[in-house]
Amino acid sequence: MGVILTDQGELVAPERAMVIVAHPDDIDFGMAGTVAALTSAGCHVAYCLATSGEAGDDDMSHTPDELAAMRKAEQTAAAAKVGVSDLHWLGHPDGMVVADLGLRRDIARAIRISRPDVVMCQTTVPNWDHIYISHPDHLATATAALAAVYPDARNPRAFPELLDEGHKPHSVTEIWLTGTEPNRYVDITDTFERKMAALKEHHSQVAQFDELDERVREWCTSTAELGGMREGRLAEAYRVVPAG
């Protein structure tokens, strides 16, 4: 495997990773630079999305089904920009995600199918300085994702129907959480343009953003500074939690 650059130097990329989020575009705002670095290093990355984003537009001229189809197409195109073609759509209702047993089971199934070493997801903790980060769907999906990692995906007695479907238990080694008390900063300077290319595929979501490149670059510059990286670098940040 190849390596990715972090605030702690070179890090050998995992063989397999899965990103679990609530909505189309969550990955590309938060993690796509890292995803591009991972795939460039030879890591197989899969996406798992709790919803299809059918409530994510104020334009009422589209039906929910039309908007879901649009956003799934946008996310599929965005994923391709950073080397990802393996997407799992769970179909839970956008805006009404609940961290219940059904969502835990569905995420555990995706984990058992994809068998990642690393799971990347959003934080379970509200951020009172950035309310958009704390969308209830984000928090619920992250809560269910953590439960799916431990204990559900690895426990053969959790959701026995998954065994009946042929999905053997799987243990994830690490969880990388975004949006909370980072202890790892991933250098995305070399993959920033791919991140932006992915983000711009979400036409229904970013068309109204003025100076999108500048705003995202400022965020990533500030993150790199917090990680102690030298001037001019860009970064995404994670709280890495051992799960093995």
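Leaving aside neighbours within four places in sequence, Y47 is in contact (heavy atoms within 4.5 Å) with V19, I27, V35, Q75, A79, V82, V84, D86, L87 and H88. This is a predicted model, in which local features need pLDDT of at least 70 and side-chain atom pairs count only at pLDDT 80 or more, while totals for chains, interfaces and linings use all residues. Residues are numbered from 1 along each chain as its sequence is written, and side-chain values use heavy atoms, with hydrogens and water left out.

**Nonpolar cores**

- Y47, together with V19 and V45, has the most contacts inside the largest nonpolar core, which has 38 residues; such a core is a set of buried Ala, Val, Leu, Ile, Met, Phe, Trp, Tyr and Cys residues joined through side-chain atoms within 4.5 Å.
- The elements that each supply at least two residues of this core are strand 3 (16-21), helix 2 (32-40), strand 4 (44-49), helix 3 (64-81), strand 6 (118-122), helix 7 (192-199), helix 9 and strand 9, where helices (H or I, at least four residues) and strands (E, at least two) are DSSP runs numbered from the N terminus.
- Helix 2 gives the largest share of this core, five residues.
- Apart from this core lies another, of 27 residues, among them A144, A145, A158 and A243.

**Helix 2**

- Eight of the nine residues of helix 2 are buried, namely A32, G33, T34, V35, A36, A37, L38 and T39; buried means under 20% relative accessible area, computed with a 1.4 Å probe on protein chains only.
- Just after helix 2, G42 takes a positive phi of about 100°.

**Largest pocket**

- The largest pocket is lined by 48 residues, of which F29, Y132, I133, H138 and W219 are the closest to its centre; on a 1 Å grid over the protein atoms alone, a pocket is an open set of points where a 1.4 Å probe fits, with protein on both sides within 12 Å along at least five of seven lines, and lining residues have an atom within 4 Å of a point.
- Helix 9 contributes the largest share of this lining, seven residues.
- The lining divides into 18 nonpolar, 18 polar and twelve charged residues, with Ala, Val, Leu, Ile, Met, Phe, Trp, Tyr, Cys and Pro counted as nonpolar, Asp, Glu, Lys and Arg as charged, and the others, Gly among them, as polar.

**Whole chain**

- The protein chain contains nine helices and nine strands, and buried residues make up 50% of its 244 residues.
- Along its principal axes, the C-alpha trace of the protein chain spans about 50 × 45 × 35 Å.
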